[in-house]
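Please find below a short note on the structure under review. It is arranged as numbered points, so that each may be read beside the model.

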Amino acid sequence: MAEPVLKVENLKKYFPIKRGLVSSLKGEPQRFVRAVDGITFEVGKQEVFALVGESGCGKSTTGKLIVKLLQPTEGSIYLEGNDVTNVRTREEVLAYRRKVQIIFQDPFSSMNPRFRVFDILEEPLLIHGIGETRAEREELIYKALEMVKITPPEDYVGRFPHMLSGGQRQRVAIARALILDPTFIVADEPVSMLDVSIRAEVLELMKELKEKMGVTYLYITHDMSTARYFADWMAVMYLGRIVEMGPAKRVIDNPLHPYTRALLAAVPEPKPERRNIIKELPIRGEVPNAANIPPGCRFHPRCIFAQKGLCDVEHPKLVEYEHNHWAECHLVGKY
Amino acid sequence: MSKNVLEVKNLKMYYFTNKGVVKAVDDLSFTLKKGEVLGLAGESGCGKSSLGFTLMGMPTPPGKIVDGSIKIDGREVVGLPEDVLRKEVRWQKISMIFQGAMNALNPVYTVGYQMIEPLVYLKGMERDDALDRAQKYLELVGLPGDIVYRYPHELSGGMKQRVIIATALLLEPDVVIADEPTTALDVVVQAQIINLMKKLKKELGLSMIFITHDLSILAEISDRVAIMYAGKLVEIGDSEKIYYEPAHPYTQKLLAAIPRLHEDVERLEFIPGQPPNLINPPKGCRFHPRCPYAMQVCKEQIPELKEVDKDHYAACWLL
């Protein structure tokens with residue numbers, strides 16, 4: 001792996017559950033939703049690291065912790081070797097956000113509908129005090145729009161978000177993240193709201209920007225197929241833990257963890273000849289509540305290979321089974 | 001050869017808005033055979049959901065059926081008065097599985113209460129008999145029967161979607177329309193629901209129109225596939241033909257835009273531009289402004305559906 005730009009160590013985020021008056025008087029202990037429960041990973045320069053999982057697995061919370069929209073309960077985050085876990089004051093956060101930006105899932109709700117494209121892109125410049133005169137800022141805005149292929153920019157700066165198509169809106173959101181020339185971008189489901197025909201366009205653009213501007217991405221998604229296409233590395237999350245991690249293609253072609261297998265088996269593929277076959281899904285039950293995490297391996301109640309006395313008792317460790325390919329399961333190679 | 005349960009001919013449904021007439025469904029013809037699943041795909045705004053609601057006899061206002069015919073099991077339903085539609089057609093002859101199971105159930109009533117409503121009011125069944133029947137159908141979709149006494153908030157997303165499916169089947173309709181039935185669900189739950197629909201298709205011989213924007217999901221269940229673009233049908237045929245020998249450039253491009261799970265793709269294709277405004281659709285072929293092969297004739301005349309192969313039709317001047 002190349003020199004890590006971002007390093008996350010034993011990161012945890014627990015959200016307290018509100019207690020009623022009665023239960024606090026009874027002295028019942030405070031309970032927590034363990035959204036992110038001790039994850040460790042590194043992202044190398046100009047690489048794309050995908051976090052994959054079902055809703056509620058903690059992937060978006062991880063993204064928010066990294067851009068400092070949330071403060072971690074425990075653990076550390078390093079950016080280019082510097083510990084940024086306790087970045088808190090306004091100045092520190094501002095300096096940090098010049099380097100780390102985020103793209104949200106829904107470009108319609110992440111933009112102020114009463115702002116024109118110009119204002120949307122000018123806002124980060126004003127916040128960070130970049131460009132002294134309006135003319136300077138205008139130049140930067142035009143450059144950013146050209147970069148995301150919204151051309152000619154003068155036709156678009158006056159438009160409101162509702163006057164753009166879905167793909168254009170998401171490209172403006174990308175331009176807003178890029179205008180500060182960040183080193184790291186958290187892309188939280190950036191294409192899942194887009195039509196297939198333009199999804200590829202946005203992914204291609206993000207790929208191109210990676211090469212041209214040296215951006216590094218954390219790509220948060222539920223879609224294994226786009227992760228294979230876009231990402232170099234992949235981590236599969238389940239109930240706040242990384243259960244498998246490795247090169248994206250390797251994880252998909254040779255999954256080690258039973259959960260990854262189940263996820264992969266569930267992905268629909270455009271192969272109509274299989275339409276009358278009822279697919280085997282090697283998983284049972286539903287995702288348990290993150291406030292009530294099962295003991296032992298947290299996947300064991302749903303795992304069809306789980307062994308009594310082992311999986312329901314002992315928490316497995318994340319072990320490197322192949323070069324750079326990790327899994328957190330007692331039974332790798334034994335099921 | 002099995003008979004047609006649904007015949008749609010020259011169907012036109014326009015929205016009469018302040019800004020102008022939106023031609024959301026424009027001159028569509030197709031048939032659905034008994035026991036067959038017809039997949040209907042297209043980008044958002046192509047009119048696929050509008051078509052679903054129109055077939056149910058309830059185009060969303062200000063939409064109106066302008067022309068054409070819809071025959072369900074041989075009976076013409078266009079032009080039937082609303083009370084006849086409600087009493088005799090909707091839910092009994094044709095039913096719908098809605099998009100977004102989360103919002104399709106009423107949170108203040110138990111599952112059973114809302115499921116038996118059509119049985120009690122349309123069929124005049126006793127409440128207890130109706131509840132028995134609801135339980136039978138819940139078991140059919142893989143849920144415990146006592147779910148009838150639960151409230152929607154007690155169920156997970158996948159369970160709610162199963163309730164919606166059971167409700168749509170309760171009156172044993174001839175045709176079921178499934179409008180994006182898996183969109184808001186996680187991958188594993190989505191695969192379970194698709195499996196369920198395959199099972200129902202096999203066991204009950206369901207005739208279904210499956211609407212989605214996701215061609216991968218469509219391939220999992222459809223016997224035939226229809227591709228819509230800007231209110232028109234551009235291609236229709238057996239699934240194998242559509243996926244492996246697509247004739248229309250739009251279908252070809254859509255398929256090339258799908259990332260594959262087990263294959264490496266150097267570059268994904270995409271379709272530049274965006275679907276046209278349906279108030280003022282482009283003259284000629286509606287796809288011509290985005291089509292890489294557009295010729296002069298494409299800009300002037302609307303192509304008709306032509307038979308490319310046996311039971312495989314496409315509307316394109318290149319053919």
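This is a predicted model: local features need pLDDT of at least 70, side-chain atom pairs count only at pLDDT 80 or more; totals for chains, interfaces and linings use all residues.

1. In chain B, 4 strands form an open sheet, and their order is β2-β1-β4-β5 with antiparallel pairing. The edge strands are β2 (20–33) and β5 (75–76) of chain B, each of which pairs on one side only.

2. A pair within the sheet. Strand β1 (residues 4–17) of chain B is joined to strand β4 (residues 63–72) of chain B by 8 bridges, in the antiparallel sense. As a point of reference for the reader, B:K9 stands opposite B:S69 in β4(B).

3. A helix on the sheet. Helix α1 (residues 48–55) of chain B packs on this sheet and touches β1, β2 and β4 of chain B. The direction of α1 makes about 70° with that of β2(B).

4. Two packed helices. Two packed helices are described by the angle between their axes and the distance between the axes. For helix α6 (residues 157–169) and helix α7 (residues 187–204) of chain B, the axes come within 10 Å and cross at roughly 20°. Because angles under 35 degrees count as roughly parallel, α6(B) is roughly parallel to α7(B). The crossing of α6(B) past α7(B) is right-handed.

5. The residues between these helices. From α6(B), the contact is made by B:G157, B:G158, B:Q161, B:R162 and B:I165. From α7(B), B:V189, B:Q192, B:I193 and B:L196 take part. By class, this contact has 4 nonpolar, 4 polar and 1 charged residues.

6. The contact with chain A. How many residues of chain B are in contact with chain A? There are 40 residues of chain B in contact with 35 residues of chain A. The elements of chain B that give two or more residues to this side are α7, α8 (215–221), α9 (239–244) and α10 (249–256). Of these, α7(B) gives the most, with 9 residues. By class, the side of chain B that touches chain A has 19 nonpolar, 11 polar and 10 charged residues.

7. A single residue. B:A315 lies in the segment after β12 (312–314) of chain B. Is B:A315 buried or exposed? A residue is buried if 20 or more other C-beta atoms lie within 10 Å of its own; B:A315 has 23 and is therefore buried. Leaving aside neighbours within four places in sequence, the residues in contact with B:A315 include B:K232, B:L233, B:V234 and B:H248. B:P303, B:E304 and B:L305 are also in contact with B:A315.

Note on methods:
Residues are numbered from 1 along each chain as its sequence is written. Chains are lettered from A and ligands numbered from 1 in the order in which they are written. Two strands pair if DSSP finds at least two bridges between them. Two residues are in contact if their C-beta atoms, placed from the backbone, lie within 7 Å. Axes are lines fitted to C-alpha atoms, for helices over the stretch in contact, and angles run from 0 to 180 degrees between N-to-C directions. Angles under 35 degrees count as roughly parallel, over 145 as roughly antiparallel, 65 to 115 as roughly perpendicular and the rest as oblique. A crossing is left-handed if the near helix is turned anticlockwise from the far one by less than a right angle, and right-handed if clockwise. Ala, Val, Leu, Ile, Met, Phe, Trp, Tyr, Cys and Pro count as nonpolar, Asp, Glu, Lys and Arg as charged, and the others, Gly among them, as polar. A residue is buried if 20 or more other C-beta atoms lie within 10 Å of its own, exposed if 12 or fewer, and partly exposed in between; C-beta atoms are placed from the backbone.
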